[in-house]
Amino acid sequence: MKRGKLEIIKDILTIIQYNKSIKITPLLRKSNLSSTRFYDYINELKEKDLVKENNNKIILTEKGFDYLSKYKNIIGFIEEFDL
Amino acid sequence: MMPPGFETELIYSFVIILCSLMIYFGTKSIYKLSSYKGINYFRKAFLFFAVALFFRYFIKFILLYFKFGRIFDFKFGMIAMLIFMYFSLIAIFYLIYSLMWKKKKFRESYLHITALIITIISLIFIIPNLYFIINLLLFIFLVYIVYTKFRKSKKKNLYLIYTLLLIFWILNIIDILVPNFLPFQILIYLASITIFMIITYRVLKKIG
């Protein structure tokens, strides 16, 4: 089933959270995305301050943790109001 | 001494503005996290509802306090009406766009330009029937859009709420354009407040 953008972001952040910190290449493999889409997402996540790079590894920011904890609320809200 | 009806208008406006701002600020965090456009449009709708209601209250206050028959009898009445009508239109546009943005994409500026054009046309001809007709046609069009979504959606209650919101919006506009035209005004106010409180409750319940 096709993943929506928010779900893809959640999946990427979950992988990073599980690994605590992860290099780009293994993250790309685990994300199940084409490399072009993956890099688009990673750049967006960096711009939005959901992740940051530290010693060539990707880690979650506080905002990234926040996204994961509030993900269900976000999706619930979108579904509730059919947005 | 305050004129009769002043307290009613104050309470009505205060409650709607409060509900609208609670929705706007309450959804700030989930929008900042997700940057989801639908949430953005939904928030903006309620922000503009709050602004529109503020100017509606201002107009009502002028009408009640200075005992003008119509707002246009007041020196700056046209400006106040323009602002009220523009913001109430743009609020409705954003609410509807929050439902249909995935299927029909266009620039947000088009919403603003359309609202401005309708507002200006309505006010150029200061004839109650004409701007009532413009808003009624718009209302019918928007109810149709809501209905087409309603048929396909599982969220039947949501579309019922939105339809009632559109009805009370048009009644609010009539109430401003043609003062004292509506019978049972207090019931309309109570129903409007109920609708907004239901939406506020549903928002706050979902965002946690």
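A: In this predicted model, a search of the whole structure finds 22 aromatic pairs over all chains (rings of Phe, Tyr and Trp, the last by its six-membered ring, pair with centres within 6.5 Å, and planes under 30 degrees apart are stacked, over 60 edge-to-face, the rest tilted). One of them joins B:Y24 and B:F25, whose ring centres are 5.0 Å apart and whose planes meet at 80°, so this pair is edge-to-face.

Another pair, between B:Y41 and B:Y97, is tilted, with 4.7 Å from centre to centre and 45° between the planes. This pair links distant parts of the chain, since B:Y41 lies in helix 3 of chain B and B:Y97 in helix 4 (residues 77-100) of chain B, 56 residues apart. Here B:Y41 counts as buried because its relative accessibility is 6%, and B:Y97 is buried too, with a relative accessible area of 3%. Both tyrosines also belong to a cluster in which ring pairs link B:Y36, B:Y41, B:F48, B:Y86, B:F87, B:Y94, B:Y97, B:W101 and B:F106.

Chain B has 8 helices and 0 strands (DSSP runs numbered from the N terminus, H or I of at least four residues for helices and E of at least two for strands), and along the sequence its pattern reads α-α-α-α-α-α-α-α. Of the 208 residues in chain B, 50% count as buried.

Helix 3 (residues 37-65) of chain B, the helix that holds B:Y41, also packs with helix 7 (residues 156-177) of chain B, at an angle of about 25° and with the axes 11 Å apart. The two helices are therefore roughly parallel to each other (an angle under 35 degrees). Helix 3 of chain B contributes B:F42, B:F49, B:R56, B:I59 and B:K60 to the contact, and helix 7 of chain B contributes B:Y162, B:L165, B:N172, B:D175 and B:I176 (heavy atoms within 4.5 Å).

Residues are numbered from 1 along each chain as written, chains are lettered from A and ligands numbered from 1 in written order. Local features need pLDDT of at least 70 and side-chain atom pairs 80 or more, while totals for chains, interfaces and linings use all residues, and side-chain values use heavy atoms without hydrogens or water.

Definitions and conventions. Axes are lines fitted to C-alpha atoms, for helices over the stretch in contact, and angles run from 0 to 180 degrees between N-to-C directions. Angles under 35 degrees count as roughly parallel, over 145 as roughly antiparallel, 65 to 115 as roughly perpendicular and the rest as oblique. Buried means under 20% relative accessible area, exposed over 50%, partly exposed in between (1.4 Å probe, protein chains only).
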